[in-house]
Amino acid sequence: MIPLFPLPHFVYNKNIMALNLISDPTPPPKPMEPEPAEKKEQRKFIGVKFNCCGIYVRIYINKEGTLYEGRCPQCFRPVKFKVGEGGTDHRFFEAD
Ligand SMILES: [Zn+2]
């Protein structure tokens, strides 16, 4: 018979078995990461291209949720995009 796992694969196979042993008795604990990641994603942002310097950046919404406020990372030109009725669903803007 041909052996299922030739000798060079023995270590690899042993590692797989060790992994199975860890996950078998109890379900693996939930990682702690998802919560902060979710919070981060909840904060809205838009993409803004600063034509002054040709740089694209993300601008996040302010604390009140009324305004996207940011600056060009290179020349610090301020930009504001108001959130409100009659606004746009666009997620990408250009700032002159
Ligand atoms: Zn600029």
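Strands here are DSSP runs of E with at least two residues, helices are runs of H or I with at least four, and both are numbered from the N terminus.

Before I continue, a word on the source. This is a predicted model, in which local features need pLDDT of at least 70 and side-chain atom pairs count only at pLDDT 80 or more, while totals for chains, interfaces and linings use all residues. Residues are numbered from 1 along each chain as its sequence is written.

Let me stay with strand E3 and take Tyr68, which is located there. Tyr68 counts as buried because 20 C-beta neighbours lie inside 10 Å. Leaving aside neighbours within four places in sequence, Tyr68 is in contact with Ile46, Ile59, Ile61, Lys80, Phe81 and Val83. Contact here means that the C-beta atoms of two residues, placed from the backbone, lie within 7 Å. From Tyr68 to Arg58, 10 residues apart in sequence, the C-alpha distance is 9.8 Å.

Which residues make up the largest nonpolar core? Tyr68 is one of five, the others being Val48, Phe50, Ile59 and Ala95. A nonpolar core is a set of buried Ala, Val, Leu, Ile, Met, Phe, Trp, Tyr and Cys residues joined through C-beta atoms within 7 Å. In soluble globular proteins, nonpolar side chains tend to be buried together. Ile59, another member of this core, touches Phe45, Ile46, Val48, Tyr68, Glu69 and Gly70 when residues up to four places away in sequence are not counted.

I turn now to the whole chain. The protein chain has two helices and five strands, and from the N terminus on its elements run α-α-β-β-β-β-β. Of its 96 residues, 6% count as buried. Among contacts with a separation of 6 or more, 25% join residues 24 or more positions apart.

Next, the open sheet. Its three strands stand in the order E2-E1-E5, with mixed pairing; two strands pair if DSSP finds at least two bridges between them. Strand E2 (55–60) and strand E5 (92–95) are at the edges with a single partner strand each, so one side of each has no neighbour in the sheet. From one strand to the next the twist averages 30 degrees, where axes are lines fitted to C-alpha atoms, for helices over the stretch in contact, and angles run from 0 to 180 degrees between N-to-C directions.

Within that sheet, strand E1 (residues 45–50) pairs with E2 in the antiparallel sense over six bridges. Ile46 stands opposite Ile59 in E2, and Phe45 has Tyr60 as its bridge partner in E2. E1 and E2 form a hairpin with four residues between them, and Gly54 in the turn has a positive phi of about 70 degrees.

A further hairpin is made by E3 and E4. These strands run antiparallel and are joined by five bridges, with Pro78 in E4 as the bridge partner of Arg71. Six residues lie between the strands of this hairpin. Which residue there has a positive phi although it is not a glycine? That residue is Phe76, with a phi of about 65 degrees. Phe76 is exposed, with 8 other C-beta atoms within 10 Å.

Cys75 lies in the loop between E3 and E4 as well. Cys75 is exposed, having 10 other C-beta atoms within 10 Å. Cys75 is in contact with Cys52 and Cys53, leaving aside neighbours within four places in sequence. The C-alpha atoms of Cys75 and Cys53, 22 residues apart in sequence, are 7.5 Å apart in space.

I end at Asp96, in the segment after E5. Is Asp96 buried or exposed? Asp96 is exposed, with 7 other C-beta atoms within 10 Å. Its C-alpha atom is separated by 6.3 Å from that of Phe50, 46 residues apart along the chain.

Terms used
Buried ≥ 20, exposed ≤ 12 C-beta atoms within 10 Å, placed from the backbone.
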